[in-house]
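Here are my notes on this model. Please read them with the structure open.

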Amino acid sequence: MELKRIRTQKGLTQQAVAEGIQCSTTVYARYERGEREPSIEMLLKLSAFFDVTVDYLLGNETAMS
């Protein structure tokens, strides 16, 4: 997934993203490291938070929406 790259491009901390999507920082960090897969609901929250498509998050699209 593209989470870390998107987060750093936007100048955000893991804590800021976790608060924005209403999960713990530990859970979000595990998403970034690929240790845990987000649910469909969480993918939708992440795409809305980062203002990108789910496909972009998953690496299936090259341009942000």
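1. Charges first. The protein chain has 8 positive and 9 negative charges, and their mean positions lie 7 Å apart. Lys and Arg count as positive, Asp and Glu as negative; His and the chain ends are not counted. Each charge is placed at NZ of Lys, CZ of Arg, CG of Asp or CD of Glu.

2. Basis. This is a predicted model: local features need pLDDT of at least 70, side-chain atom pairs count only at pLDDT 80 or more, and totals for chains, interfaces and linings use all residues. Residues are numbered from 1 along each chain as its sequence is written, and side-chain values use heavy atoms, leaving out hydrogens and water.

3. Fold. The protein chain has five helices and zero strands (DSSP runs: helices are H or I, at least four residues; strands are E, at least two). The radius of gyration is 11 Å, close to the 11 Å that the globule rule gives for 65 residues, so the protein chain is as compact as a globular protein of that length. That radius is taken over C-alpha atoms; the rule is 2.2 Å times the number of residues to the power 0.38.

4. Burial. Of the 65 residues in the protein chain, 32% are buried. Buried means under 20% relative accessible area, exposed over 50%, partly exposed in between (1.4 Å probe, protein chains only).

5. Aromatics. Phe49 and Phe50 form an edge-to-face pair, 5.3 Å centre to centre with 75 degrees between the planes. Rings of Phe, Tyr and Trp (its six-membered ring) pair if their centres lie within 6.5 Å; planes under 30 degrees apart are stacked, over 60 edge-to-face, the rest tilted. Phe49 is partly exposed at 31%, whereas Phe50 is buried at 0%.
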